[in-house]
Amino acid sequence: ETCKAALQRVTFSHSKNCDTMKTSLVLASIAASASAFAPAKQGASCSSHAATKADLEKIAEKANPIVKFYDPLNLAEADFYGMGTEATIGFLRHSEIKHGRIAMFAFVGYV
């Protein structure tokens, strides 16, 4: 009988430890899943949005010192929709990013 009592104590303490472990795992998974939907912290942005042709020339010289600034269609001096060259440069940058993303999406869809 003493062996049965000892076995019951071990089994009881083992199941108690398992219950505690299960509870802690459930709580940890709930906390992890809740943090997945938390908004990301906004850090300092390291990208600069050039607004003038001079800014574009500076960036191009840093990015590729051999070619430097290359604009064969002279789009940096264009004035789309009568809003000025700064708005045109912003529009062209925005559309370049958008169409690049669409091209990547199309490639993934093709593969």
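Is Asn74 buried, partly exposed or exposed, and what is its relative accessible area? Asn74 is partly exposed, with a relative accessible area of 36%. The points below place this residue in the wider context of the model, which is a predicted one.

1. **Confidence.** The protein chain has a mean pLDDT of 78, and 64% of its residues reach 70 or more. Among the elements of the chain, helix 3 has the highest mean pLDDT, 92, while helix 1 (residues 2-36) has the lowest, 64. Where pLDDT is low, the predicted coordinates should not be read in detail. The remarks on individual residues that follow concern helix 2, helix 3 and the loop between these two helices, together with a patch that includes Val111.

2. **Overall architecture.** The secondary structure consists of three helices and zero strands. Along the sequence the pattern reads α-α-α. Helix 2 covers residues 53-63 and helix 3 covers residues 85-110.

3. **Burial and surface.** Of the 111 residues in the protein chain, 7% are buried. The chain exposes about 9900 Å², and carbon and sulfur atoms supply 65% of that area. Among contacts between residues at least 6 apart in sequence, 31% join residues at least 24 apart.

4. **The salt bridge.** How many salt bridges does a search of the whole structure find? The search finds one. In this salt bridge the side chains of Glu77 and Lys53 meet, with an N to O distance of 2.7 Å. The pair links distant parts of the chain: Lys53 belongs to helix 2, Glu77 to the loop between helix 2 and helix 3, and the two residues are 24 apart.

5. Lys68, which is found in the loop, has a phi near 60°, a positive value in a residue other than glycine. Asn74 is found in the loop between helix 2 and helix 3 as well, and its phi is also positive, at about 60°, although Asn74 is not a glycine. Lys68 counts as partly exposed at 44% relative accessibility. Asn74, as stated at the outset, is partly exposed at 36%.

6. Thr88 is found in helix 3. Is Thr88 buried or exposed? Its relative accessibility is 1%, so Thr88 falls under the 20% limit and counts as buried. Leaving aside residues up to four places away in sequence, Thr88 touches Leu75, Ala78, Asp79 and Phe80. Phe80, one of these contacts, lies in the loop between helix 2 and helix 3.

7. The structure holds three aromatic pairs. One of them joins Phe80 and Tyr81 in an edge-to-face arrangement, with 6.4 Å from centre to centre and 80° between the planes. The rings of Phe80 and Phe91 have centres 6.2 Å apart and planes at 75°, so this pair is edge-to-face too. It links distant parts of the chain, since Phe80 is in the loop between helix 2 and helix 3, Phe91 is in helix 3, and the two are 11 residues apart. Phe80, Tyr81 and Phe91 form one aromatic cluster. Phe80 is partly exposed at 28%, and Phe91 counts as partly exposed at 38%.

8. **Nonpolar surface patch.** Which residues form a nonpolar patch on the surface? They are Phe107, Val108, Tyr110 and Val111, with about 550 Å² of accessible area together. Val108 lies in helix 3. At 59% relative accessibility, Val108 counts as exposed.

Key: Residues numbered from 1 in each chain as written. Heavy atoms only, no water. Salt bridge = Lys/Arg side-chain N within 4 Å of Asp/Glu carboxyl O. Helix = DSSP H or I, 4+ residues; strand = E, 2+ residues; numbered from the N terminus. Buried < 20%, exposed > 50% of the residue type's maximum accessible area, 1.4 Å probe, protein only. Contact = heavy atoms within 4.5 Å. Areas by Shrake-Rupley, 256 points an atom, 1.4 Å probe, with all protein chains shown as cover. Patch = residues over 30% accessible without salt bridge, like charges linked within 9 Å, V, L, I, M, F, W, Y side chains within 5 Å. Phe/Tyr/Trp six-rings, centres within 6.5 Å; stacked < 30°, edge-to-face > 60°. pLDDT = per-residue confidence, 0-100.
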